[in-house]
Amino acid sequence: MSQSSCFQDFVKYSSLNVMGMIGLSCYILADTFFVSKGLGANGLTALNLAIPIYSFIHGSGLMIGMGGATKYSIQKSQGEDSAASRTFMNAVFLAAIFAIIFVFIGIFLSDTIISAFGADESVFDMSKTYLQVILLFSPAFLMNNVLLCFVRNDGAPQLSMAAMIGGSLSNVVLDWVFIFPCRMGIFGAVFATGLAPIISMMILSPHFIRRKNQFHFVKCRPQEGVFAGILSSGVPSFVTEVSSGIVMIIFNSIILKLEGNVGVAAYGVIANLSLVVIAIYTGIAQGIQPIVSRNYGMGNRTNAHSILRYAIITMLIVSALIYSGIFFGASPIVNIFNSEQNAMLQNIATQGLRLYFIACPFAGFNIIVSVYFTSTESPRPAHVISILRGFLVIIPVAFLLSFLGKITGVWCAFPTTESLVAVLGAIFYIMIKKRQREPSR
């Protein structure tokens, strides 16, 4: 494959996937906007206390989908068609197992979780409703993620993008219908979100009805070795998403003590905008995964490195644009979600946006390089990067900086963590590139 062909594939897959991921992330952003308009600051607080569970569901779906699709793409490039279909089936088995766990949690543990997250009487019922319903819709979220990843790797990135955007647009429309004309409150918001992946899968269905799919439902038993391979390749995608939920839980706890419910509402604006920004980087990363895996499977390491370079340059340009828009537009952005014109919420969130999103280029690099490592069958450094940024670094940094700088320290914890981990990621990449470098021709 020539360099120009690599670049064309990169533009095609990444641009489509970024648009799709933005659409997918707008599931929650739409909820944030309509809940803020319909239910005010308490509604935002309730949403932000419950929403971390979505990161666990979405992260599990991406782990299975991305891990399975990476294996599928490499197997297809090596002509192992039957093994590729068995990988798909094992991904479906895994999705079913995770769905059972999430549904069980939704039925029996919703009260316990919401209490642990710090909900008081004013927001408890709304938070519980949102969390419980989204857990009961987890089978749809998980299967949608699996199908999106496999269809994308099956040569249909346009359809995958259309499904993501279609599901998200349906969520926006249904949010408005259920919250305002139907007056269903926060249940309406989460019900609209739960219907979105079902609509997305309906949009994907022509790929199977017209028999364009090269992966198939086949008779096979669950295979522990295949499970392990899928999960190993998908762990960075899981940690990337789950870390958002972990960060939200920790930050909610800290901010509740510092600024109360209004502070949590302000953080809700920042956190949900962050989901959209992270989705853009995830879109670039998922966009390069099929073409990096294909080139790696064919033994063309030079093209794989070139694709990564295109992704990093694109990410840096996007980061500059995002941060410029957030820095200069912070106050108007917050005002969109501040329906009650709460001055405290406005001030906290405006300052938070300008500090929190300094992390943009570092977070983008960490997400992209992690997916690159797993796409080239080097999962260990990807695991290290993902775990450091998701758990081991950000939690102590958040507590330390909040102790030293109060709410300002909270906002600085995210960029501090991402920048430290990015340095390690760059070192890993240099080491692996030296080991994998092809002889010059």
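D81 is partly exposed, because its relative accessible area is 43%. D81 pairs with K76 in a salt bridge, and their closest N and O atoms are 3.3 Å apart. This is a predicted model.

**Salt bridges**
- The count of salt bridges comes to three.
- Side chains of opposite charge can pair when their charged atoms come close.
- D111 is partly exposed at 36% relative accessibility. K128 is also partly exposed, with a relative accessible area of 24%.
- R389 bridges to E418, with the closest N and O atoms 2.8 Å apart.
- R389 belongs to helix α14 (residues 379-392) and E418 to helix α15 (residues 394-436), so the bridge ties together parts that are 29 residues apart in sequence.
- R389 is buried, at 4% relative accessible area. E418 is buried too, at 1%.

**Helices α2 and α3**
- Two packed helices are described by the angle between their axes and the distance between the axes.
- Helix α2 (residues 52-77) packs with α3 at about 170 degrees, and the axes lie 8 Å apart.
- Angles over 145 degrees count as roughly antiparallel, and α2 and α3 are therefore roughly antiparallel to each other.
- On the α2 side, the contact residues include F56, I57, M63, K71 and K76.
- On the α3 side, they include D81, T87, L94, F98 and F102.

**Nonpolar surface patch**
- F104, I107, F108, L109 and L136 form a nonpolar patch on the surface. Together they have about 490 Å² of accessible area.
- Helix α3 (residues 81-108) gives the most to this patch, with three residues.
- L136 lies in helix α5 (residues 124-136). L136 is partly exposed, at 40% relative accessibility.

**Positive phi in two loops**
- Most residues other than glycine have a negative phi.
- R183 has a positive phi, near 50 degrees, and is not a glycine.
- R183 is in the loop between α7 (157-179) and α8 (185-204). R183 is exposed, with 73% relative accessible area.
- Q341 is not a glycine either, and its phi is positive at about 55 degrees.
- Q341 is in the loop between α11 (301-337) and α12 (343-356). At 52% relative accessibility, Q341 counts as exposed.

Technical notes: Residues numbered from 1 in each chain as written. Predicted model: local features only at pLDDT ≥ 70, side-chain atom pairs only at ≥ 80, totals over all residues. Heavy atoms only, no water. Patch = residues over 30% accessible without salt bridge, like charges linked within 9 Å, V, L, I, M, F, W, Y side chains within 5 Å. Areas by Shrake-Rupley, 256 points an atom, 1.4 Å probe, with all protein chains shown as cover. Salt bridge = Lys/Arg side-chain N within 4 Å of Asp/Glu carboxyl O. Helix = DSSP H or I, 4+ residues; strand = E, 2+ residues; numbered from the N terminus. Buried < 20%, exposed > 50% of the residue type's maximum accessible area, 1.4 Å probe, protein only. Axes fitted to C-alpha atoms, helices over the stretch in contact; angles between N-to-C directions. Parallel < 35°, antiparallel > 145°, perpendicular 65-115°, else oblique. Contact = heavy atoms within 4.5 Å.
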